[in-house]
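Please look at the structure on the screen while I describe it.

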Amino acid sequence: MSATLSSVRPTSFDAAAFEQFLATRTEPAWATDLRRRAFEAYRESLVTELDPEEWKRVDIRAFRPEKFSIPAASTSTGAVETLLADRAEFAGAVSHSDGTCTRATLSDKWAQQGVLLGNLSDLIQTHGDILKPHLMTRAVKPDADRFSAWHGAFWTGGTVLYVPRNVEVNEPLYSLIGLGAEAAADFSHTLIILEEGASATLLEETSSASADATGVHVGAVELLLAPRSNLRYVQLQNWNDKVWHFAHQVGRVEADAYLQWTVGGLGARLAHIHQEVFLDGRGASAEVNGVTFATDKQLISYYTQQTHNAPNTRSDLLYKDVVRDKARCIWRGMIKVAKDAQRTDGYQRNDGLIMSDTCRVDAIPGLEIEADDVRCTHGATCGRVDEEQLFYCMCRGLTRSEAMHVIVEGFFQRVYDRIPVEIVRETLGHAVERKLGIGG
Amino acid sequence: MSSLLKITDLHVSVDDKPILKGVSLEIRQGEVHALMGPNGSGKSTLAYTLVGHPKYEITGGSIEIDGVNVNELDPCERARKGLFLAFQYPVTIPGVKVADFLRHAVTNIRTPNRKEGEGLIPMREFRKELKERMEELGMDIEFARRYLNEGFSGGEKKRMEILQLAMLQPKFAILDETDSGLDSDAVRVVSEGLRKLSGPQMGSLIITHHERLLEYNVPQFTHVILAGRIVETGDASLAHELHNHGYTAVRERHPAEAAEEEERQAKAKKAVGVGV
């Protein structure tokens, strides 16, 4: 296959920029090698097309990588507005602004038991031995696609959570990824490693300091669950509507471990999330929840895969999307069952609710099953707000708009019901209300 | 002074097909009216039109509450003026808890000028009242936490309609076959519930095929509707007669309407391709 140079997409992330960037980093050699390999993959990926199966409905022609750059240091002074930060007492918190860590705390109680919660840039120097086997080796691989490669070369930091064997962190932890500077590129990496029998809850959100600063997030999330571990991970994407959000997010779940993963998609101009869950060990189980609310001209897209590699594994995905105005939501889902993954129980479902004539939801579920003794079901529904429901509500004294809002909140309730962390339910409910234009 | 719901020469079409052809009716607060008639005569059309269903187009005549024409008001505005429909087929609102829904509804009905986002009736006060009404209707308080009509049995849905009636205390309640599709125990519960709620503050229009509801709620007026017109009005004994003898005698007394009815049915059968 021949690719002409002219088809190389323009980017300010060229070889010179990469070397310059490397010069600013203090990292072990293995990490630098990893970046170099990722950079090679990135250069190659620029001359190849993105996987049409994943990207054909997501138009990113207006995205110009050369317009964005990594801020030298955190220049933003404005505090980002958070949905979660003040809602609970967290046992630990990590905040990043424009790629720089601005805060990392963890209560002594957990630190003394060997729990690590901090910034990837620091921990790679102090705890490289712990991170090395996991960082971009098993979950998000740099050569997966253009965005994972780009991220692998240029990641700037991000939140790391490590929980040692049999330590159960029963208080929630918090992570904030903030963007402030104009035209900033954010390469935050979230890495969660749970050893055997460990458990933890991490609530993460992304947020903009200003309503109109452009930006791009090229992120990665890696969730690594050793046998019998238990993780609840939430990511609320709440950028302003000028930010491009590209994220490669992968969970690997070993035997008898349980991952509960909730994704909230509220912000961004365009968001594309590649989300994969691997059920790698017998008895592994994952529940994936998605709450998406797109308005104005937002486009929020998901490419989700539930891959069953071992017998007796379970995955259960429920996404609910509401679109309004000229917004669009795309969901392409897939359950894959390997030959040996007998007695798999796989479920995926996407429900879309359309609030206006000019918005759109595309939901395409899919199955690829090689085992012969499995139970896999999938489904997708999509519809407008039901006129008879509106009429019924109005007959009880609700205005049309109030009825619409009540119905939308009810539509999301089914997902909220699956989320055991109360503050997450509250936060999502509150965020949806705000987007609807009601409540404070 | 008691309020008056006045329907004058009401003509209503659905999809450009005339269904009601000049209905006049006056209901005062405190009165019980029964509306009876064979299937397809326009009973439910009248009910939906009164509360403002957008599919039912008023082509002539008026609906007034205390002299104010409500023809152009939407269902929410009519509800806030004191109109209530107990649905024949209550609608499920997925994910919306009964208590949350009713708290919104009660607040809006009691403060008709409320705008969305303004304060709701205090929770404690509301809960107490809801609990009392539910106990009176023999309902498990657990229902308040369930999603509105989701997974409810037929009887539970109808009871939920009566609960809403009890909470909203409308000036005029229209009950569209609230007793249909229920076993006799459920009919008794609903009938008793309605009787308890009736009083000088509520006028009701009871649409029914059965007599049980009317045994508990004896109408002062019984209206018979045939082919979109009220052809007879009597007292409770008329309801009794219709229940025992059907509509044959009514049709004989009103041959023009009976012929229209027959013609309409023949067309409807042809339209769906049903052979006879």
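**Strand pairing and overall form**

I begin with one residue pair: Ala86(B) has Leu175(B) as its bridge partner in strand E7(B). Before I continue, a word on conventions. This is a predicted model, in which local features need pLDDT of at least 70 and side-chain atom pairs count only at pLDDT 80 or more, while totals for chains, interfaces and linings use all residues. Residues are numbered from 1 along each chain as its sequence is written, chains are lettered from A and ligands numbered from 1 in the order in which they are written, and side-chain values use heavy atoms, with hydrogens and water left out.

Let me stay with that pair of strands. Strand E6 (residues 83–86) and strand E7 (residues 172–176) of chain B run parallel and are joined by four bridges. From E6(B), Leu83(B) and Leu85(B) point one way, Phe84(B) and Ala86(B) point the other way, and all are buried. Here buried means under 20% relative accessible area, exposed means over 50%, and partly exposed lies in between, with a 1.4 Å probe and protein chains only.

Strands of a sheet pair through backbone hydrogen bonds, either parallel or antiparallel. Two strands are said to pair if DSSP finds at least two bridges between them. Strand E1 (residues 4–14) and strand E4 (residues 56–65) of chain B run antiparallel and are joined by eight bridges. Within E4(B), Glu57(B) is the bridge partner of Ser13(B).

What lies in the loop between E1 and E2 of chain B? Asp16(B) is found there. Asp16(B) is not a glycine, yet its phi is positive, near 70°. Its relative accessibility is 68%, so Asp16(B) counts as exposed.

Asp98(A) is located in the loop between strand E1 (92–97) and strand E2 (100–106) of chain A. With a relative accessible area of 1%, Asp98(A) is buried.

Ile141(B) sits between helix H4 (123–136) and helix H5 (154–168) of chain B. It counts as partly exposed because its relative accessibility is 36%. Leaving aside residues up to four places away in sequence, Ile141(B) touches Lys131(B) and Met134(B), where contact means heavy atoms within 4.5 Å. The C-alpha atoms of Ile141(B) and Ala99(B) are separated by 10.0 Å, the two residues being 42 apart along the chain.

Finally, chain B as a whole. Its secondary structure comprises ten helices and ten strands; these are DSSP runs numbered from the N terminus, with helices (H or I) of at least four residues and strands (E) of at least two. The radius of gyration is 19 Å, close to the 19 Å that the globule rule gives for 276 residues, so chain B is as compact as a globular protein of that length. That radius is taken over C-alpha atoms, and the rule is 2.2 Å times the number of residues to the power 0.38. Along its principal axes, the C-alpha trace of chain B spans about 60 × 45 × 40 Å. Of its 276 residues, 51% count as buried.
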